[in-house]
Amino acid sequence: MSTEPRATRDLLRALAADAPSRAALVTLALVAGAVALAPFVAPYDPNAMRDFVRDQFLAPSWSHPFGTDSAGRDVLSRVLHGGRVSLGVATLAVAVSVLFGTLWGAAAGYANRAVDDVMMRCTDAVMALPRILLLILVASVLREPTAAALALLLGVTSWPAMSRVVRAEVRALRSRDYVIASQALGATWWRRLRTHLLPAVLPLVIVNATLAFASVIPLEATLSFLGLGLHPPTPSWGNILLDGTDQVAAHWWLVLFPALAIVVTVVAVTALGDRLQQLLDPRGAAL
Amino acid sequence: MRFALRRAGQAAIVIVAVATLAFVLIHLAPGDPFPTALDDPSLTDAVRARLRAQFGFDRPLFEQYLRFLWNYLRGDFGWSVARNMPVATAIADALPRTVLLMATGLVAGTAGGVALGTWQAARRGSGAERLVGLGAVVVYAVPEFLLAMGMIALFALRLRWFPMSGIVDARSHDALGAAGRAADVLRHLALPAATLALVVAASVSRYHRAAMLAVLPEDYIRTARAKGLSERDVVLRHALPNAMGAVLALGGLLIPALFGGAAVIEKFFDWPGMGRLMFNAALGRDYHLVVAGVVLSGALVAAGTAIADVVAAAFDPAQELDA
Amino acid sequence: MSALLTVERLGITYTRGGGERRAAHDVSFTIDAGETVALVGESGSGKTAIALALLRLLPRTATIAAESRIGFDGADVLALGDDAMRALRGRRIAMVFQEPATSLNPRLRVADQVAEVAAAHGERDARAARRLAMGMFERVGLGDPRMARAYPHELSGGQKQRVVIAMALLLDPALVVADEPTSALDVTVQAQVLEVLRERQRANGMALLLVTHDLAVAATTCGRALVMHEGRVVEDAPMPRLLSAPQSVAARSLVGALPCAGSAA
């Protein structure tokens, strides 16, 4: 039995009911807030390179709580602005994969056997390509992708998982009694899709989107770190780390703070996603 | 058996689709990439002529596609401009090393992940379990390159137990006997494989814990307890095998991510496998190599998932293998 | 002769979400060795909770009231340690569950699952355990040699339930608790499975506690009935008297619902 989507209020209340989820929600709110308000909260312009020699690699202090990087830029500001970029990319990527994946999966689930098979083989093919390698392939062609391009890329490589889940659910629901009953009552396929199938699929999509969000953030960081994603001066949690890797012990702040940002955000989102799964998808169909 | 054949057929189709995708992507790029490779002055005229003929750059796209597929079927993956050798040769060296790394990491990681997931499900709700669970999520959240950095910092630099990079000790390796050489490789394998195993274990334990928690409330578990079986027997003999079935099926989803993780780890530990090859190829615009790597990885993934499905079905008495 | 099973002031509460639900209130009864007792009542009357409590198989969400006592053959069941409880389960008290389809592990052969009972209670020799299982299969009407290698999905509902009965009876327990053993089966199969239960009970002389919502099933198998309603025992009478002169409201409606009221087996 798939659950009916709870009203948002009930859902939030249920989420807030247990301590780990509360902590996760609060953490995420803080991160999102800090990152969204970055232009107002950040003490410096993230790209402002001041005196190159004097301000290079300063350890954390009152004037620079997170220290400075190789170009004398304030790391705290870069982490804040980098969060806008990294999380923005992740959001866009997930949006793309949700949109495309849901449509594709619903269509495949509703279509006849032959069409469904073809659509699913395509999905399998995209899934079979390890995302990093695919991204390497494309990045080697594109050289310096913009944030939007990167987000699009990440989204396009993430939709197969979503479409599989949606298709499975649509397939299962098609033969449910209440759907057949509505067909007998004369409802068009579009109405059936909208009224019965999509609401039932929504919980799965929410859970999957949340967990996908959690998995895209490290992916973007990895790519940017390896020089295949966003390049400086655009700050991203991944490429801030780059500066510190030559002398990690000496420049520990360049590694610690972006890493903390990534880990804290991903752990919070994952914890939230797990809890959402308990509430919305106890069967684990969205895995 | 028929199921296996059908699954193999599906895998073959997927592989072809992967190759097609790679081909399409490369040609979607602004300007045709291959001529750019041809313009590289380091190529001799003979090689250039051969490439041109082989890939038929002046021919219609569809014909290029067919040539591409045909070449791949024959094992000809093109020419690596950066390394000045056929792609197939470059890959032939790197592939076994990647397989070694991945196999070790996969086996260790799966074993660890299953053990951890089982323990978590059995001790559910206890303080220790919550702590360990949090630890697992943190490891899951940390990008692989950070894990790799951490492992290097701790085990290679601070403790000096294992070497930092490479596959062999360049200076002493050739002087060692067979056993010494094997040990040398193993020493170098330890950290990258351990890092990969950590990554795998974090994911597997999440899946497996969920699968165990889904199995434990089932009726036949209650029957097992009613028979007077010890809790250990209930978990290991009844719950675990049934949960593993679900994990094997989901394992197929894990394999592509495993490849990606392995690639990053190879780059970081300078392990001379496919991943490092691909990274360098991408940065050096060595397109033939990149395409070949992508297609090969896709093929391995398709094969891997097909095998996982067949194994899962073989161990499930209720599955009709000859359907 | 002291009773085999003594239940005193048994109270069971389920906690779910934020709320509590009292499944059993102050339930007391005894069962003597060799007695056949039916625990009858409508769905939700608390019968299954009581059955599970006897083997301490209640889920984590259930709590047993502090003043409850369950005595079995001199031992205080609720106070036993885990090891002692496990020694009891399957050996001295056994259970037959309602859903044959899900009560068996789909990945193990049925013969192995039955033999496992012997192994769990000390039989080291695997072959001896299997022989014991096959012997039991014969006695419950599963004598076909193909049973030795069969998996649960290859069997019908009735056959699966016979396997579960074989599992329960293997070590000759003093008390068998059967929770709705026939509710999930077709009517004709129901009669067969009940006959198996009755026959084994007569042959072994074990006590039987049959939990059911179907008074007709209880009437044909048991000599005494405990009628439950909303978590309490409202009537405790020998079967003939219950059928002819039910005292409580719950009993009367159960008797009234019988197809041929008054004609007990």
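## A three-chain predicted model at a glance

Leu170(C) touches Val114(C), Val117(C), Ala118(C), Leu132(C), Ala133(C) and Met136(C), leaving out residues up to four places away in sequence; contact here means C-beta atoms, placed from the backbone, within 7 Å. This is a predicted model, in which local features need pLDDT of at least 70 and side-chain atom pairs count only at pLDDT 80 or more, while totals for chains, interfaces and linings use all residues. Residues are numbered from 1 along each chain as its sequence is written, with chains lettered from A and ligands numbered from 1 in the order in which they are written.

**The nonpolar core**

- Leu170(C) is also one of the residues that touch the most other members of the largest nonpolar core, alongside Val18(B), Val114(C) and Leu175(C), and this core has 258 residues.
- Helix H10 (residues 189–225) of chain A gives the most to this core, with 18 residues.
- A nonpolar core is a set of buried Ala, Val, Leu, Ile, Met, Phe, Trp, Tyr and Cys residues joined through C-beta atoms within 7 Å.
- A residue is buried if 20 or more other C-beta atoms lie within 10 Å of its own, exposed if 12 or fewer, and partly exposed in between, with C-beta atoms placed from the backbone.

**Chain C as a whole**

- Chain C has 10 helices and 11 strands, taken as DSSP runs (helices H or I, at least four residues; strands E, at least two) and numbered from the N terminus.
- The radius of gyration of chain C is 18 Å, close to the 18 Å that the globule rule gives for 265 residues, so chain C is as compact as a globular protein of that length; the radius is taken over C-alpha atoms, and the rule is 2.2 Å times the number of residues to the power 0.38.
- Its C-alpha atoms fill a box of roughly 50 × 45 × 45 Å along the principal axes.
- Buried residues account for 47% of the 265 residues in chain C.
- Of the contacts in chain C between residues at least 6 apart in sequence, 68% join residues at least 24 apart.

**Where the chains meet**

- Two pairs of chains are in contact, and chains A and B share the most contacts.
- On that interface, 42 residues of chain B are in contact with 36 residues of chain A.
- H10(B) provides the largest share of chain B's side, eight residues.
- That side of chain B divides into 35 nonpolar, four polar and three charged residues; Ala, Val, Leu, Ile, Met, Phe, Trp, Tyr, Cys and Pro count as nonpolar, Asp, Glu, Lys and Arg as charged, and the others, Gly among them, as polar.
- Chain C places 23 residues in contact with 16 residues of chain B.
- H4(C) gives the most to this side of chain C, with three residues.
- The side of chain C that touches chain B holds 11 nonpolar, six polar and six charged residues.
- Chain A and chain C do not touch, and their nearest C-alpha atoms are 10 Å apart.

**A helix and a loop residue to look at**

- Helix H12 (residues 252–280) of chain A has 29 residues and should span 42 Å at 1.5 Å a residue, which agrees with the 41 Å between its end C-alpha atoms; the expected span is 1.5 Å times one less than the number of residues.
- H12(A) is mostly covered, with 23 of its 29 residues buried.
- Glu123(C) sits in the loop between H4 and helix H5 (126–139) of chain C.
- Glu123(C) is partly exposed, with 18 other C-beta atoms within 10 Å.
- Setting aside neighbours within four places in sequence, Glu123(C) is in contact with Ala118(C), Ala128(C) and Ala129(C).
- The C-alpha atoms of Glu123(C) and Gly141(C) are separated by 24 Å, with the two residues 18 apart along the chain.
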